[in-house]
Amino acid sequence: MPAPLSRGCARSIVGFAAVLSLAHAGAQGSAPARPEDTEVWQPAPPVVTPPPMESNAGPSDAIRLFDGTSLDEWVNTKDGTPASWTVMDGRMVVDKATGNIETRRHFRNYQLHLEWRVPADVMGTGQARSNSGVFLASTGGGDRGYELQILDSYRNDTYVNGMAGSIYKQSPPLVNAARRPGEWQSYDVVWRAPTFEANGALTKPARVTVFFNGVLIQDDFELRGETVFVGTPSYTKHGDSAIKLQAHNDPSASPAFRNIWLRPLP
Ligand code: MG
């Protein structure tokens, strides 16, 4: 459910004031940045009911990154060993003890399809409710990269630039097309990687278009840099990159994934 207007506005105003005061304090070299400084609570994206779910196994030229049977295309981010999340009944389930996993292969520009499902009996609130994510390009260990958020956003109040379909802390989804827990959902992504000069200077920011359950939620959004939990995004030069799935450190049950495929683009 969206936050009540007064509460959200109050938070937004407080957040804006905090950003201003931080900028001022930063200029004077004091006051550390806080995660809540970059949360946006209003306006809440309108809720829309998506069309019926149709699983999509992809066209003939797709690279199957997960077909429900094997994690051969994936490695553990922390040490590059074969991915050790659980595969059962045609899906893979996040193993929080193992941590993030990422593709063996590296990609630049691509079309990506991915299906995910929050457990029907999920507990928790806000960001602690089946939080995961797709890092559209992994730029290092842990959560380094550009995160397309995965979260139960069916009647779950949180900051809108951290809900399902957001480019985390940068761009809320245009609408909330989330299905209820227990139902499969899909992301279809067109990712255009950033480009850099040899000396590391940014020549072209990353851009992303995302459909959530068949509904457009990110329309050729230009990213401001890598995802950061605290502070301001920025770019650091990188080349072709793995795609990474997040094992989020919260106590709620994790989502499962199935049917992940990709088509490289020029
Ligand atoms: Mg996440």
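Val-134 stands opposite Leu-148 in strand S8. The two residues belong to a model that is predicted, in which local features need pLDDT of at least 70, side-chain atom pairs count only at pLDDT 80 or more, and totals for chains, interfaces and linings use all residues. Residues are numbered from 1 along each chain as its sequence is written.

The mean pLDDT of the protein chain is 90, and 89% of its residues reach 70 or more; pLDDT is the predictor's confidence in each residue, from 0 to 100. Over residues 1-27 the value is below 50, and this stretch has 24 contacts in the model beyond near neighbours in sequence. A contact here is a pair of residues whose C-beta atoms, placed from the backbone, lie within 7 Å.

## Strands and their pairing

The protein chain holds 1 helix and 15 strands. Helices (H or I, at least four residues) and strands (E, at least two) are DSSP runs, numbered from the N terminus. Of the contacts in the protein chain with a separation of 6 or more, 67% are between residues 24 or more positions apart.

An open sheet is formed by 5 strands in the order S2-S5-S14-S7-S8, with antiparallel pairing. Strands S2 (74-76) and S8 (145-150) stand at the edges with a single partner strand each, so one side of each has no neighbour in the sheet. Although S8 is an edge strand, 6 of its 6 residues are buried, so S8 is largely enclosed by the rest of the structure. A residue is buried if 20 or more other C-beta atoms lie within 10 Å of its own, exposed if 12 or fewer, and partly exposed in between; the C-beta atoms are placed from the backbone.

Two strands pair if DSSP finds at least two bridges between them.

| Strand pair | Bridges |
|---|---|
| S5 (residues 101-103) and S14 (residues 244-245) | 2 bridges |
| S7 (residues 132-138) and S8 | 5 bridges |
| S6 and S15 | 8 bridges |
| S6 and S9 | 8 bridges |

S7 and S8 form a hairpin with 6 residues between them, and Gly-142 in the turn has a positive phi of about 55 degrees.

## The nonpolar core

A nonpolar core is a set of buried Ala, Val, Leu, Ile, Met, Phe, Trp, Tyr and Cys residues joined through C-beta atoms within 7 Å. The largest one has 48 residues, and those with the most contacts inside it are Val-134, Leu-136, Val-189, Val-208 and Phe-257. At least two residues of this core come from each of S1 (63-66), S6 (109-117), S7, S8, S9 (184-192), S12 (207-212) and S15 (256-265). S15 gives the largest share, 5 residues.

Leu-136 touches Tyr-146, Leu-148, Val-189, Trp-191, Val-208 and Ile-243, leaving aside residues up to four places away in sequence. Two of the residues touched by Leu-136, Val-189 and Val-208, are also among those with the most contacts inside the core. In soluble globular proteins, nonpolar side chains tend to be buried together.

## Individual backbone positions

His-106 lies in the loop between S5 and S6. With 14 C-beta neighbours inside 10 Å, His-106 counts as partly exposed. Not counting residues up to four places away in sequence, His-106 touches Asp-240, Ser-241 and Ala-242. The C-alpha atoms of His-106 and Ala-137 are separated by 8.6 Å, while the two residues are 31 residues apart along the chain.

Asp-89 and Asn-259 both have positive phi values without being glycine. For Asp-89, phi is about 50 degrees; Asp-89 sits in the loop between S3 (86-88) and S4 (91-93) and counts as exposed, with 8 C-beta neighbours inside 10 Å. For Asn-259, phi is near 50 degrees; Asn-259 is placed in strand S15 and is buried, with 21 other C-beta atoms within 10 Å.

A cis peptide bond joins Gln-42 and Pro-43, with omega of about 0 degrees. Pro-43 lies in the loop between helix H1 (5-27) and S1. Over the whole protein chain of 266 residues, 38% count as buried.
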